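Hi,

Here is the structure I promised to pass on. Have a look at it first, and then read my notes below.

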Amino acid sequence: MSADVPRSTATRTRLRHFVKPDALSDPRSAPVAAVTSRRWGPVPLVAGMGSAGYVVVKAWLSTWHHHLLDFSVYMMGAHHLADGRLYVATLPTSPHLPFTYPPFAALAFAPFALIPIEWSQLFWILLSVGSLFAIVALSLRAMRPGLPRAQLLLWSLVAMAPAYRFEPVLLTFAYGQVNLMLVALALADLTCDLRVIGREVPRGVLVGVIAAVKLTPLVFVPYLFITRQVRAGWIALSSFLACSLVAWAIDPSVTWSYWTKYADDAQRIGNVFDVSNQSLRGVADRLAHHVAPAGLVIVATAVVLVAGLALARWAWRASSNFLGVLVCATTGLVVSPISWAHHFVWAVPVVLWLAFAPDRPAFGRVWGLGATAFFWIAPIWKVPNGQNRELAEHGWQLLVGNSFFGVTVLFLLCVALMLACRGRARRADRALESPPLTYDEV
């Protein structure tokens, strides 16, 4: 008499409905397939050039001789870099916004303040266009490292126009925001082996630099440590501190004021109730119809942060580094005190992962199409907003008005479910491959 196998064939079959068959093996060792196996002749080249041309023309028309609000704030900060008024001065015209970034950011923006504003805006927008291309290319390269360079270039160009139509990307261009550049640099640092003039750039350097420009990328520092990239974690911290010390050397009093007074003052950034703030804190306030208890929000944020980082490590270990980076980034969007709608440019690499990654979930391309439509439509603007009207939302308005947050949380939950199902499927496979137990073995 022999013992029964722990997992039945029926169980194994059911689990396979939740995951792609290729994902039952280690996706990092899965064979790399081309994005397409068909030969389309000149069509992809024409589509790629048309896509890139569309983005360049639309970006230029939407910014030339237009007032880019956030870019104006950057230039104001650059002009007040060393006069002691960096966090006192505001824009001379409404809405009179102050500078809210770390002191090193003003130094990073300073070169753009040396040329006329029209030309600096144009150069800034071209950098954003290049960053959008880089985000797509770096994502495809991380997912399909065996893809020939010509195909990588071609399909990155093709994807630019659909990615440009994402609401967070459109808002980034409309405001002159820095988001696309930060995401491109983060992906380059965390997914590539960078070399400059033949010398290797240590992993973590760029993460530290961009965190000194905007604090939210600091979420990648614990990610590096928990994924056993300890050296990169220390390098990220060191480069962040080095950039901060450079700013301190320029004006110690301003740096001291920022870290002791302004760094945690979310009210300086804007109305935290606004529907554009899709962070946990903003959603909690709108659900409560007033300022949610600070202690409760802090505890919830800490729990989500720890759970999100644990999920990122799980994704890194069981699926791919790229998915780990995406989980970490989206966790940062949820737990940040302020996550404006234009911060959700991370939706671009997430959709690319759903469409092209070897470790994508079953029906990943269907999910990717749905996410694309969602970020094209941007339903958060379909509810009454402005002048604290968000605090009067009820019923369907709460669901729609917090939908960027909801979709981000749904992504994290679905990743957890996918990894759990794949783990069970692998265990079922191993059980079926094991020989049955005999009396002697019992």
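**What lines the largest cavity**

Two helices, H8 (179–191) and H15 (321–335), each give at least two residues to the lining of the largest cavity. H8 has the largest share of that lining, with 4 residues. Keep in mind as you read that this is a predicted model.

How many residues line the largest cavity in total? The lining is made up of 19 residues. If you want to find the middle of the cavity on your screen, look for Thr216, Pro217, Leu333, His343 and Trp346, which lie nearest its centre. And what kinds of residues make up the lining? They split into 12 nonpolar, 6 polar and 1 charged.

As for the space itself, the largest cavity holds about 240 Å³. The structure has 3 cavities of 30 Å³ or more. In case you're wondering about the idea behind this, rolling a probe the size of a water molecule over the atoms shows where empty space is left.

**Where two helices pack**

Next, find helix H2 (residues 43–63) and helix H5 (residues 117–143). They pack with their axes 10 Å apart, at an angle of about 145 degrees, and the crossing of H2 and H5 is right-handed. Which residues make the contact? From H2 there are Val55, Val56, Ala59, Trp60 and Thr63, while H5 brings Gln121, Leu122, Ile125, Val129 and Leu132. Sorted by type, the residues of this contact between H2 and H5 come to 8 nonpolar and 2 polar, with no charged ones.

Happy exploring!

Technical notes: Residues are numbered from 1 along each chain as its sequence is written. This is a predicted model: local features need pLDDT of at least 70, side-chain atom pairs count only at pLDDT 80 or more; totals for chains, interfaces and linings use all residues. Side-chain values use heavy atoms; hydrogens and water are left out. Axes are lines fitted to C-alpha atoms, for helices over the stretch in contact, and angles run from 0 to 180 degrees between N-to-C directions. A crossing is left-handed if the near helix is turned anticlockwise from the far one by less than a right angle, and right-handed if clockwise. Contact means heavy atoms within 4.5 Å. Ala, Val, Leu, Ile, Met, Phe, Trp, Tyr, Cys and Pro count as nonpolar, Asp, Glu, Lys and Arg as charged, and the others, Gly among them, as polar. On a 1 Å grid over the protein atoms alone, a cavity is a set of points where a 1.4 Å probe fits but cannot get out, and a pocket is an open set with protein on both sides within 12 Å along at least five of seven lines; lining residues have an atom within 4 Å of a point. Grid points are joined across faces, edges and corners, and a volume is the space filled by probe spheres set on the points.
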